[in-house]
Amino acid sequence: MEKEVFDKIVIMQGDITKLDVDAIVNAANRSLLGGGGVDGAIHRAAGLKLLEECRELGGCNTGEAKITKGYNLKARYVIHTVGPVYSGKPHDRLLLSQCYLNSLQLTALNNLSSVAFPAISCGIYGYPVKDACKIAIDTVCMFLNITSSINKVIFILFSSENYDIYKNYIKEI
Ligand code: AR6
């Protein structure tokens, strides 16, 4: 990986709702009206105004992304994206990659310089973390290679197992 791109990527373990970054990405569902996992945690931490704004958005297709304010979060914005429910079919890869691409595109379009991602689709939606991690990191690297406005991309993993998987993959490339 190019050093410049590598320097912009941070892998850490923790809770995404606590991060002080321009935008955090939410692994939402197509209704955008909240749910469990990281989605539930983000809505709880941001407060009811986030839900009010989400109601105006009219949902979101799988692979796409929409942006709202961050309300009570430290993060100024939340980018809501909808990962695929893992099916084992080749299309999953494409949809998951699109989640990262569309979220990064919204980050850049809104002139934001730092963004944090959870492991989209790797909880309730059942995507195997080793496969999802490669798609996440490869897609982010590709985007950072062609766009200079984003200075920092954080991958934040809840569990130490997932943290190790990300760390090991980034060492390999
Ligand atoms: N910070 C960072 N990562 C977290 C946090 C947190 N606070 N909480 C959970 N994770 P999931 P999905 C990790 O299930 O698979 C919701 O109900 C978690 O350990 O949140 O895309 C939505 O409304 C896992 O590794 O998202 C959808 O219906 C990763 O975040 C559905 O779940 C993603 O797990 C989306 O499922």
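Let's start with one residue. Leaving aside neighbours within four places in sequence, serine 97 is in contact with Ile135 and Thr139. Keep in mind that this is a predicted model.

Where does serine 97 sit? It belongs to helix 4. Is it buried or exposed? Its relative accessible area is 17%, so serine 97 counts as buried, the cut-off being under 20%.

Now arginine 93. This residue also lies in helix 4. Its relative accessibility is 52%, so arginine 93 counts as exposed. The cut-off there is over 50%. Which residues does arginine 93 touch, leaving aside neighbours within four places in sequence? The answer is Tyr127 and Ile135. Arginine 93 and lysine 134 are 41 residues apart along the chain. Their C-alpha atoms are separated by 10.0 Å.

On to the helix itself. Helix 4 covers residues 91-109, which is 19 residues.

Which residues of helix 4 are buried? Among them are Asp92, Leu95, Leu96, Cys99 and Tyr100. Further along, the buried set includes Ser103, Leu104, Leu106, Thr107 and Ala108. For reading such a list, recall that an α-helix has 3.6 residues a turn, so residues three or four places apart point the same way. After helix 4 comes asparagine 111, with a positive phi, near 55°.

Next, the whole protein. There are six helices and six strands. Along the sequence, the order is α-β-β-α-α-β-β-α-β-α-β-α.

How does the overall size compare with a compact globule? With 173 residues, such a globule would have a radius of gyration near 16 Å. The protein has 15 Å, which agrees. Along the principal axes, the C-alpha atoms fill a box of roughly 45 × 35 × 30 Å.

Of the 173 residues, 48% are buried. Take the contacts with a separation of 6 or more: 69% of them join residues 24 or more positions apart.

Last, surface and charge. The accessible surface is about 8,500 Å². Carbon and sulfur atoms hold 50% of that. The protein carries 18 positive and 17 negative charges. How far apart are their mean positions? The separation is 3 Å.

Key: Residues are numbered from 1 along each chain as its sequence is written. This is a predicted model: local features need pLDDT of at least 70, side-chain atom pairs count only at pLDDT 80 or more; totals for chains, interfaces and linings use all residues. Side-chain values use heavy atoms; hydrogens and water are left out. Helices (H or I, at least four residues) and strands (E, at least two) are DSSP runs, numbered from the N terminus. The radius of gyration is taken over C-alpha atoms; the globule rule is 2.2 Å times the number of residues to the power 0.38. Buried means under 20% relative accessible area, exposed over 50%, partly exposed in between (1.4 Å probe, protein chains only). Contact means heavy atoms within 4.5 Å. Accessible areas come from the Shrake-Rupley method with a 1.4 Å probe; for residues, only the protein chains shown count as cover. Lys and Arg count as positive and Asp and Glu as negative; His and the chain ends are not counted. The place of a charge is taken as NZ of Lys, CZ of Arg, CG of Asp or CD of Glu. The expected span of a helix is 1.5 Å times one less than its number of residues.
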